[in-house]
Amino acid sequence: MKIALTGNPNCGKTTLFNAITGKTETVGNWSGVTVEKKEGSLKKKYNPKKEDVTIVDLPGAYSISPFTGEEAITRDFILDEKPDVIVNIVDGANVSRSLFFTTQLMELGIPVIIALNKEDILNKRGDEVDKATLGKLLHSKVIPTTATSEDGLLNLMNEAIALGKENKTQVAPKFEGKESADSDKKRQKFVDEIISKCQVTKRRVDEVTFSDKVDRIVAHKWLGLPIFFLIMWGVYTFSIEGLGGYLSGYFNDVLFGEVVPEAANGFLEGLGVSPILQALIVDGAIGGVGAVVGFLPLIMVLFFCLSLLEDCGYMARVAVIMDRYFKKIGLSGKSIIPMIIGSGCAIPGVMGTRTIEDVNERRMTTILTPFVPCGAKLPIIALFAAVFFPESTWVGPSMYIIAIAMIIIGGLLLKKLFVWENTSMFIMELPEYKWPSLSHAFKQMIDKAKGFIYKATTIILVCNTFVWFAQAYSWGLNPVEDQSLSILASIGTVIAPILIPLGFVGWQLAAAAITGFIAKENVVATFAVLLAVASEEALHLPGGALAELFTPVTAFAYLVFNLFTPPCFAAIGAMNSEMGSKKWLFKGLAFQFGVGYVLAMLVTQIGSLIVYGTPATGFVPAIIVAVATVVYLVTAIKKADKERERLQELEMSA
Ligand SMILES: Nc1nc2c(ncn2[C@@H]2O[C@H](COP(=O)(O)OP(=O)(O)OP(=O)(O)O)[C@@H](O)[C@H]2O)c(=O)[nH]1
Ligand SMILES: [Mg+2]
């Protein structure tokens with residue numbers, strides 16, 4: 001039996017889905033979090049009779065006639081795959097808005113049961129919904145639930161399974177003139193009537209709620225943005241330099257710097273394995289993975305904080321604040337949501353662009369979202385900050401500020417270069433503020449940590465075992481004394497000239513950047529492996545082994561390069577599927593590479609001139625690249641302007 005969970009965005013479908021299936025799909029206190037259908041089977045607790053039941057979580061929808069891509073997923077699933085039962089989740093805090101969709105679901109010939117969710121909010125407000133009358137008017141059972149505390153869910157599932165077995169569709173509620181063209185209006189009127197009969201609101205309509213009061217400050221025209229920056233600064237400073245940084249320092253210096261490698265060495269010596277194998281395991285596998293896992297506490301602290309901010313309802317406000325600015329640069333306010341999600345990982349971030357209706361805005365957001373430093377880039381930031389800027393707290397937050405600046409400048413450029421017109425309006429429901437749930441944040445944090453460890457012990461482990469091998473052997477598969485004769489060095493040497501205008505000298509820098517495209521954490525892991533072999537100094541300490549390859553200025557530039565060039569392969573794959581056009585994908589990748597490259601080049605060359613008073617290596621090639629970039633931009637924008645004019649004339653004459 002297939003049971004589908006449907007309802008408006010943010011009504012609690014995924015919360016309910018996770019509760020009854022035991023899965024950990026992403027929940028967020030804003031609309032448009034789920035963009036794909038997800039399936040799961042019922043937990044034992046909710047399926048005592050062990051029925052064969054599949055639960056399907058769907059993206060939120062306001063109407064069966066889809067407006068956005070993810071709404072279409074919901075419609076297509078219901079119409080094509082015909083679930084046996086539809087559980088329509090109605091947001092108890094927003095009943096009137098939800099029932100429009102409910103009446104449409106009733107007409108599909110599939111049994112519908114209604115879960116009146118967020119009962120706790122209703123109760124707290126002192127509002128009431130007359131479930132008996134509601135059920136009678138809609139010809140359907142109405143079960144009160146609170147998905148967050150799993151109240152009413154057993155009852156709901158029992159009823160849903162019984163309904164599926166009975167397999168009898170309800171009579172769709174009739175309202176006058178259902179066939180006529182203005183049926184939407186009639187439908188709304190019908191819904192309004194139901195509401196007037198069922199909803200008992202104790203609160204006065206004009207009452208100013210707590211949320212309204214907070215929003216007057218937090219979502220204020222002028223104050224909104226500075227407040228957002230302040231909050232983010234606090235969160236990142238606390239995570240990267242504060243508690244998270246402190247714990248990571250311990251992990252890096254003591255745990256993975258001494259305890260684990262010493263134990264492993266002792267163990268392997270005891271076993272009597274060959275020195276080569278021992279080096280492969282300790283320097284390659286453990287060294288590489290350890291250098292990355294050392295940053296686990298930092299990532300956990302950050303995601304705990306972000307989860308609290310999101311759960312209390314603040315992040316939904318950020319979308320509204322950003323809408324004013326984003327509209328000016330050809331993006332939508334909704335673009336901020338993929339970007340916020342992208343601060344965790346660019347892949348779900350890029351997938352989140354589906355909620356944006358306008359195709360140009362969607363594509364631009366897909367290109368710009370990977371600029372936001374994701375969790376995988378944090379270890380690079382933290383490592384470089386610790387080695388080169390140990391006394392300052394601005395390096396971490398500065399990456400986010402540069403990201404925002406690049407998104408704005410990038411948005412303007414993209415619009416100038418590739419986009420002819422865009423149209424969109426922004427409607428976003430603001431959830432009420434609530435106390436964030438610590439257990440929810442804790443769960444999200446553990447989830448992130450698991451994902452991080454999984455990645456470290458799979459792809460990063462494999463990569464670094466390869467990196468160790470490639471730096472220890474020549475193409476003839478003979479061990480080399482001197483790293484610069486190795487396979488890795490020869491690959492790096494081919495790429496390295498491209499990086500000369502950026503002031504990056506050495507095949508090691510090219511090698512780490514290449515492994516970074518497989519997974520960004522690899523940048524850290526690769527340096528760990530290379531330098532563990534080449535240098536006696538520790539990787540993470542100020543002035544340590546890494547300082548032999550960079551000046552502080554080129555270190556900062558290298559950070560910029562790794563953060564703003566195209567993301568890892570997996571995220572590029574996500575970009576590909578969201579763009580729906582190879583041409584746009586290549587434009588996007590070229591754009592990202594151009595931005596990262598030119599930005600790093602400017603940091604190196606201008607930075608070196610200012611800080612050291614002399615140009616960095618590669619100054620002359622850098623000037624050539626800079627001139628070529630300017631010439632390209634000017635001609636490309638001129639060409640695009642002409643095209644725009646031509647289209648306008650065509651339109652006029654038509
Ligand atoms: N107070 C309260 N909050 C709830 C309840 N159920 C869900 N929430 C909260 O509502 C917000 C949205 O939950 P989700 O499960 O992501 O909503 P969704 O319907 O899957 O949303 P989309 O995927 O965007 O369509 C989260 O902040 C939840 O914690 C409930 O019963 N009571
Ligand atoms: Mg969801």
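## The start of the chain

With that in hand, let's begin our tour. Keep in mind that this is a predicted model. UniProt, in an unreviewed entry, lists residues 1-166 as "domain: FeoB-type G". Over residues 1-166, 38% of the chain is helix and 19% is strand.

## Strands side by side

Have a look at how the strands pair up. Strand β1 (residues 2-7) and strand β3 (residues 54-57) run parallel and are joined by 4 bridges. In this pairing, A4 stands opposite V56 in β3. Strand β3 also pairs with strand β2 (residues 38-41), again through 4 bridges, but here the two run antiparallel. You can find S41 opposite T54 in β3.

Another pair is β4 and β5, which run parallel and share 6 bridges. Here I89 stands opposite A115 in β5. How many residues of strand β5 (residues 112-117) are buried? The count is 6 of 6, so the strand is mostly covered, given that a residue is called buried if 20 or more other C-beta atoms lie within 10 Å of its own. In a regular strand, side chains alternate between the two faces of the sheet. On one side of β5 are V112, I114 and L116, and on the other are I113, A115 and N117; both faces are covered.

## Around ligand 1

Next, turn to ligand 1. Which residues come nearest to it? Of the 24 residues around ligand 1, these are G12, T14, N29, T34 and G60. Two elements, α1 (13-21) and α4 (119-125), each give two or more residues to the shell. Helix α1 gives the most, with 3 residues. By type, the shell around ligand 1 divides into 13 polar, 7 nonpolar and 4 charged residues.

Now for the inside of the model. The largest nonpolar core has 135 residues, and those with the most contacts inside it are I381, L559, V560 and A600. Take I381 as an example: leaving aside neighbours within four places in sequence, I381 is in contact with I240, P373, V395, G396, M399 and L559. Apart from this core lies another, of 47 residues, including L5, Y62, M157 and F190.

## Two loop residues

Finally, let's visit two residues in loops. D84 lies in the loop between α2 (69-81) and β4 (85-91). Is D84 buried or partly exposed? D84 counts as partly exposed because 18 C-beta neighbours lie inside 10 Å. Not counting residues up to four places away in sequence, D84 touches M1, K2, I3, G164 and N167. K377 is 293 residues from D84 along the chain, and their C-alpha atoms are separated by 44 Å.

I329 is found in the loop between α13 (314-328) and α14 (336-342). This residue is partly exposed, because 18 other C-beta atoms lie within 10 Å. Leaving aside neighbours within four places in sequence, I329 is in contact with I408, G411, L412 and K415. I407 is 78 residues from I329 in sequence, and the two are 9.4 Å apart in space, C-alpha to C-alpha.

Note on methods. Residues numbered from 1 in each chain as written. Chains lettered and ligands numbered in written order. Predicted model: local features only at pLDDT ≥ 70, side-chain atom pairs only at ≥ 80, totals over all residues. UniProt positions renumbered as here; feature names shortened; annotations may be inferred. Core = buried A, V, L, I, M, F, W, Y, C linked by C-beta atoms within 7 Å. Buried ≥ 20, exposed ≤ 12 C-beta atoms within 10 Å, placed from the backbone. Contact = placed C-beta atoms within 7 Å. Near = placed C-beta within 6 Å. Nonpolar A, V, L, I, M, F, W, Y, C, P; charged D, E, K, R; others polar. Pairing = 2+ DSSP bridges.
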